[in-house]
Amino acid sequence: MKSIVSILIVVVLLLGAAFGAQAKSEAKQYYQVSADSLNVRNDPSEKGEVIASLRKGDVVEVSDEAHGWLQVALNKTSGWVAGYYLVKTGSGGGKTTVSSGSSGAKSSAQTVQADSLRMRKGPGTGYSVVGGLYKGEAVTVIDRDGDWVKVKTPDGQQGWVASQYIGEGGGSSSGSGDSSSSGRLNGKLIVLDPGHGGDDPGMIGKESEAQEKDLNLETAFILADYLRDLGARVILTRSEDVKPSLPERVKISENNGADAFISIHYNSSTKNTSGTLTFYNKGKDKALARAIESELAEGAGGLRSNGISFGDYHVLRENSQVSALVELGFLSNEKDERIVRTKDYKRKAAKAIADGLVDYFN
Ligand SMILES: [Zn+2]
């Protein structure tokens, strides 16, 4: 009897080892990314190195929790993300595996042929845009549906594109159709700096108690998408509710050799001032400030532009890269506050800044 029990135990243990992965996955928890973009770090801390990036809607397996950070499974490894930006999902359906680095299968590697190509949530132009690709970018085809293919980028983004816009070789034809018009910021590296963050909320709305740090971040995410659509590479000084120091923000600009650095803020005043303001610090920054300001003046959705102005801000003053700081409305003004809290305004303001960058570089 004893030996049968032992054998049973051994069998159970063997089965456990053989099917460990499956058995565990049933107990695993799945979460969906709620932020537009979310850094995955090698440690459960803001200080951890960024090893991958997730996008809104990605579903990840969570295996551990520490100080508000959640451990998520990547392709061959795992990483940590701020738990605040993950929302629990009912099941593991639609699980997305995110690769870290360039560990994807090479067998179906393809290159983007169009100047700029939108990735969509599903196989058709009716699906929402989940990301952007640029000419020459390498992708791996992981699924196919008619004329559409699902691709994965080396940094783990996934989405559907029309198969005609990808192929082998460096990419020559600039597609139309689902490919966006431009690539007008091709090769440009833009550093976006959403002001404040963490324990520093920035200005607080008069009526709504909206916090500037959140408006800054939301605007930066929208702007980053526009800029990527235009072919730019974009780096954010923060993509979460944390507060990098001012020197750290400048360092990100300088270490990456930013072609332009844009700091995003919303303003406050004891007077009833309304509208946008665009700041420069040095002569080298003036043309950029002017380009952004004139687009804001034309199309920032209901707020007037107060022009450009000299600003003695650390992120401009200490920055050797071309830089500007925008104040996109006054949270101390009830009318401004109502306007800037809308998504529509943030889209228009972001579009104006993107157009200003295009004007500046072209
Ligand atoms: Zn501010």
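1. Helix α3 supplies 4 residues to the lining of the largest cavity, the largest share. Helices (H or I, at least four residues) and strands (E, at least two) are DSSP runs numbered from the N terminus. The lining consists of Asp-36, Ser-37, Phe-221, Ala-224, Asp-225, Arg-228 and Leu-236. By class these are 3 nonpolar, 1 polar and 3 charged, where Ala, Val, Leu, Ile, Met, Phe, Trp, Tyr, Cys and Pro count as nonpolar, Asp, Glu, Lys and Arg as charged, and the others, Gly among them, as polar.

2. The model is predicted: local features need pLDDT of at least 70 and side-chain atom pairs pLDDT 80 or more, while totals for chains, interfaces and linings use all residues. Residues are numbered from 1 along each chain as its sequence is written, and side-chain values use heavy atoms, with hydrogens and water left out.

3. The volume of the largest cavity is about 40 Å³, and the search of the whole structure finds 1 cavity of 30 Å³ or more. On a 1 Å grid over the protein atoms alone, a cavity is a set of points where a 1.4 Å probe fits but cannot get out; a pocket is an open set with protein on both sides within 12 Å along at least five of seven lines; lining residues have an atom within 4 Å of a point. A volume is the space filled by probe spheres set on the points, which are joined across faces, edges and corners.

4. The second largest pocket holds about 260 Å³ of space. Of its 12 lining residues, Tyr-85, Asp-214, Leu-217, Glu-218 and Phe-221 lie nearest the centre. Here too α3 gives the largest share, 4 residues. The lining divides into 5 nonpolar, 1 polar and 6 charged residues. At least three residues come from each of domain 1 (29-100) and domain 3 (189-361), with bounds from an automatic or database domain assignment.

5. His-196 (NE2), Glu-212 (OE) and His-265 (ND1) coordinate the zinc ion at 2.1 to 2.2 Å. Donors are N, O and S atoms within 2.8 Å of the metal (3.2 Å for Na, K and Ca); water is not among the atoms, so the site may look incomplete. The donor spacing in sequence is H-x15-E-x52-H. His-196, in the loop between β15 (189-194) and α3 (212-229), and His-265, in strand β17 (residues 260-267), are 69 residues apart.
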